[in-house]
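Dear colleague,

Please find the structure handed over with this message.

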Amino acid sequence: MGNTDSKLNFRKAVIQLTTKTQPVEATDDVFWDQFWADTTTTVQDVFALVPAAEIRAVREESPSNLATLCYKAVEKLVQGAELGCPTEKEKQVVLNCTRMLSRILPYIFEDPDWRGFFWSTIPGAGRAGMDDEEDDDEGARPLAESLLLALADLLFCPDFTIHSHKKGRPDSVEDMQSLDSCEYIWEAGVGFAQSPPLNYIHDLNRTELLRLLLTCFSEVMYLPPTSDNSILNPWVTFFCSTENRHALPLFTSLLNVVCAYDPVGYGIPYNHLLFSDYREQLVEQAVQILIVTLEHEGGPPYRPPSPSSMEDQDSTGPNNLFVNYLSRIHREEDYDFVLKGLARLLTNPLTQTYLPNSTKKIQFHQELLVLFWKLCDFNKKFLFFVLKSSDVLDILVPILYYLNDARADQSRVGLMHIGVFILLLLSGERNFGVRLNKPYSLHVPMDIPVFTGTHADLLIVVFHKIITSGHQRLQPLYDCLLTIVVNVSPYLKSLSMVAANKLLHLLEAFSTNWFLFSAPQNHHLVFFLLEAFNNIIQYQFDGNCNLVYAIIRKRNVFHQLANLPSDPASIQKALQRKRKSPDVISRTSSQETVSMEGSRPAVPAEPGTLKASLVAMPGIDKLTEKSQVSEDGTMIALPQMESPQTQEPSGAAGASDTESVSGRDTEDVFYTEAEMARSRLSSISSSTVSHWNPKPDWVLSWKSKLPLQTIMRLLQVLVPQVEKICIDKGLTDESEILKFLQHGTLVGLLPVPHPILIRKYQANAGTAMWFRTYMWGVIYLRLAFFYICFVHLLLHILFDGCFLT
């Protein structure tokens with residue numbers, strides 16, 4: 001009964017707040033304490049008993065009461081941080097205030113008139129404490145700063161969020177202020193060797209505080225979109241500044257908690273169904289806080305206008321200490337800890353067991369990919385460490401798994417982009433291409449053809465699957481996918497027959513006349529593939545008899561390219577053929593009916609699935625810069641070459657013959673292996689380039705630059721030899737031909753090898769904006785999923801009559 005009465009009293013207090021027409025004085029502690037004094041209130045109670053409609057009603061009809069509620073809640077948090085929460089009642093007050101603010105803040109952020117509220121000062125609140133009325137108001141902290149500092153202190157509060165090293169807990173302001181939080185890092189790992197004992201109460205308290213912190217950081221989601229990438233998040237800027245004395249131990253704690261987490265534990269089947277894993281909630285909040293705080297753009301933090309604004313800020317803004325600390329990690333044992341931890345978590349959803357659903361599967365792999373991206377972007381030594389050994393393949397395989405699994409689901413287009421971005425970043429380094437030659441033996445279940453080969457084969461087969469059977473929103477990624485293939489191609493020692501055929505199939509699909517003429521940038525895809533073939537032939541000919549054989553078999557494709565017609569009649573005939581789509585053939589007639597054992601086909605999103613909208617992705621010419629590999633293996637950046645812009649309806653033009661923006665749309669139709677990609681691409685640019693009218697001069701401008709010399713010379717030398725041995729020996733088995741090619745040589749017969757050209761990822765404002773949009777989209781959708789589950793739980797509680805009658 002007492003539990004029910006307390007909830008009824010809490011609900012009555014909420015109703016009083018919404019119905020009072022006169023402001024309630026801040027000194028009326030009896031009234032305000034009703035919202036956080038109850039020791040039995042849970043986070044579920046707060047969200048159930050404080051409806052969104054009533055928060056908005058208070059905001060509109062009694063704004064002073066809402067302002068006082070926020071101020072009083074922050075005041076309680078500051079007091080708790082100063083005193084150290086010595087009693088259980090004070091701990092509960094802190095938690096209740098945290099829950100109340102987590103519930104209210106989004107409705108303050110959504111109203112433009114309220115956005116400056118937390119960055120305004122409270123009369124009578126000094127910088128050291130909020131209840132010292134003798135302090136000068138001009139020196140008072142904004143409410144946001146007081147809240148952030150209190151949360152930072154509470155995250156290192158003995159016997160509340162950390163283990164006390166003393167038998168007696170701190171019971172004074174001096175004790176809390178003198179506490180060295182570097183001795184209380186939450187988990188062993190980077191910069192800390194001791195592993196504190198697990199305490200699920202501490203984990204729950206940390207999770208609630210981090211959830212409020214993330215809610216504070218989320219104000220940027222409610223701001224109008226802007227193209228000014230230099231505007232920083234003021235909450236993040238302050239929290240990651242030198243004002244936060246816990247910045248280093250908190251950053252280390254968050255990173256170590258994430259990288260040390262093992263969702264499988266001792267591997268007992270179905271243990272996740274028998275026991276609650278409170279650490280998982282903490283890890284998810286920790287990784288989200290990390291990816292949000294690790295922002296590194298120059299410019300002043302955005303401060304919403306407020307009646308009492310802060311003093312002018314330095315135009316450059318304070319340095320982000322989280323980024324600073326991340327960039328300074330340098331010990332190899334720390335790199336190894338981080339890399340193995342991320343690889344373990346990314347691989348977790350791929351885990352296969354004999355007992356169905358017996359292993360716990362995490363759901364925050366997208367946040368982990370963003371964290372890995374930021375680690376590589378901000379700490380180049382970590383990137384080099386990742387590429388130094390085959391451990392990079394432990395990151396590659398799960399990324400390819402996610403890409404293949406999400407290719408048909410438009411709600412996961414952001415996951416496709418972040419995976420491709422990471423591979424593009426890695427492919428800019430020679431070591432990545434070298435590591436791909438390691439044999440692939442894991443056999444993670446994917447609906448791709450069965451093959452025996454290397455990780456390079458896996459990468460090419462998955463890319464082929466994405467291009468030929470992905471959804472239409474993946475068209476902008478085609479340039480990136482083929483750029484990755486080009487970057488690694490000089491180092492691929494032996495492609496399997498499956499991968500070689502996939503590359504030739506892509507060239508066959510991209511090189512048809514109607515496709516080349518149907519959009520102003522389509523020919524760039526052919527340039528990428530030809531460059532990849534040239535790299536392999538010139539630098540890795542000896543081990544790639546499968547690719548050479550595939551090229552010989554499909555030699556008509558190269559001859560057709562060399563003899564591509566450019567007269568107006570042929571152009572118009574090709575475009576007319578484009579409009580005559582072939583009959584749709586069942587996918588079961590494809591050669592790809594045999595997939596890996598245990599795999600499931602990629603499926604579209606279910607109707608009603610939440611989707612995050614993303615800003616446009618920059619073109620490949622903006623994403624990369626060209627570097628030439630010198631004789632000693634070092635890379636020399638090449639100057640950017642400006643080329644005359646092609647008149648494109650999309651408003652984007654390439655910087656070279658192989659760099660462009662692929663802003664194409666396509667229909668989701670499937671055909672046989674020989675026609676699948678070609679048929680899907682037949683409707684490319686149906687809307688964006690509907691008025692595109694290719695001219696003979698335009699065709700000749702790029703046809704003359706097709707890098708066909710090496711391949712045509714190879715065909716000129718090898719085709720007669722292959723035909724001769726087939727006739728002389730009556731060969732019908734391709735294995736004999738492959739043996740002949742394997743022992744053949746083209747030394748002295750091919751043109752002089754061209755320099756290796758690598759397109760390295762380069763940071764730019766466009767990708768920074770894309771990452772910010774994607775990151776908050778992921779967090780928002782994860783929270784939406786959490787609240788949907790939460791609502792179902794509430795309905796169950798309400799209808800079962802657990803506490804309301």
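The notes below go from the overall composition to individual elements and residues.

Please bear in mind that this is a predicted model.

**Overall composition**

The protein chain contains 34 helices and three strands. It has 805 residues, of which 55% count as buried. Among the contacts in the protein chain with a separation of 6 or more, 81% are made by residues 24 or more positions apart.

**The nonpolar core**

The largest nonpolar core comprises 235 residues, and Phe35 and Phe118 have the most contacts inside it. Which residues does phenylalanine 118 touch, leaving aside its neighbours within four places in sequence? They are Cys70, Val74, Leu105, Ile108, Pro142, Leu143, Ala144, Leu147 and Trp235. Of these partners, Leu105 and Ile108 fall within the range of α6, residues 88-109. Leu143, Ala144 and Leu147 fall within α7, which spans 143-154.

**The sheet**

The three strands form an open sheet in the order β2-β1-β3, and the pairing is antiparallel. At its edges stand β2 (635-637) and β3 (757-761); each has a single partner strand, so one side of each is left without a neighbour in the sheet. From one strand to the next, the twist averages 40°.

Strand β1, residues 624-629, is joined to β2 by three bridges and to β3 by five bridges. Both pairs run antiparallel. Serine 627 has a bridge partner in each of the two neighbouring strands: alanine 637 in β2 and isoleucine 758 in β3.

**A pair of packed helices**

Two packed helices are described by the angle between their axes and the distance between the axes. How do the axes of helix α16 and helix α17 cross? Helix α16 covers residues 365-378 and helix α17 covers residues 380-388; their axes come within 5 Å and cross at roughly 110°. Since angles of 65 to 115 degrees count as roughly perpendicular, α16 and α17 are therefore roughly perpendicular to each other.

On the α16 side, the residues that meet α17 are Phe372, Leu375, Cys376, Asp377 and Phe378. On the α17 side, they are Lys380, Phe382, Leu383 and Val386. By class, this contact has seven nonpolar residues, two charged residues and no polar ones.

Isoleucine 15 has its place in helix α1, residues 2-19. With a relative accessibility of 37%, isoleucine 15 counts as partly exposed. Valine 50 is 35 residues away in sequence, and the C-alpha to C-alpha distance between isoleucine 15 and valine 50 is 9.0 Å.

Valine 46 belongs to helix α3, residues 43-49. Is valine 46 buried or exposed? Its relative accessibility is 1%, and valine 46 therefore counts as buried, the limit being under 20%. Leaving aside neighbours within four places in sequence, valine 46 is in contact with Phe10, Thr41, Arg99, Met100 and Arg103. For arginine 103, which is 57 residues from valine 46 along the chain, the C-alpha atoms are separated by 7.5 Å.

Valine 78 is part of helix α5, residues 63-83. Valine 78 is buried, with a relative accessible area of 10%. Between valine 78 and leucine 151 there are 73 residues of separation along the chain, while their C-alpha atoms are 8.2 Å apart.

Two residues other than glycine, cysteine 85 and aspartate 159, have a positive phi.

Cysteine 85 lies in the loop between α5 and α6, and its phi is near 50°. Cysteine 85 counts as buried, at 1% relative accessibility.

Aspartate 159 lies in the loop between α7 and α8, the latter covering 173-178. The phi of aspartate 159 is near 65°. At 30% relative accessibility, aspartate 159 counts as partly exposed.

With kind regards

Technical notes. Residues numbered from 1 in each chain as written. Predicted model: local features only at pLDDT ≥ 70, side-chain atom pairs only at ≥ 80, totals over all residues. Heavy atoms only, no water. Axes fitted to C-alpha atoms, helices over the stretch in contact; angles between N-to-C directions. Helix = DSSP H or I, 4+ residues; strand = E, 2+ residues; numbered from the N terminus. Parallel < 35°, antiparallel > 145°, perpendicular 65-115°, else oblique. Contact = heavy atoms within 4.5 Å. Nonpolar A, V, L, I, M, F, W, Y, C, P; charged D, E, K, R; others polar. Buried < 20%, exposed > 50% of the residue type's maximum accessible area, 1.4 Å probe, protein only. Pairing = 2+ DSSP bridges. Core = buried A, V, L, I, M, F, W, Y, C linked by side-chain atoms within 4.5 Å.
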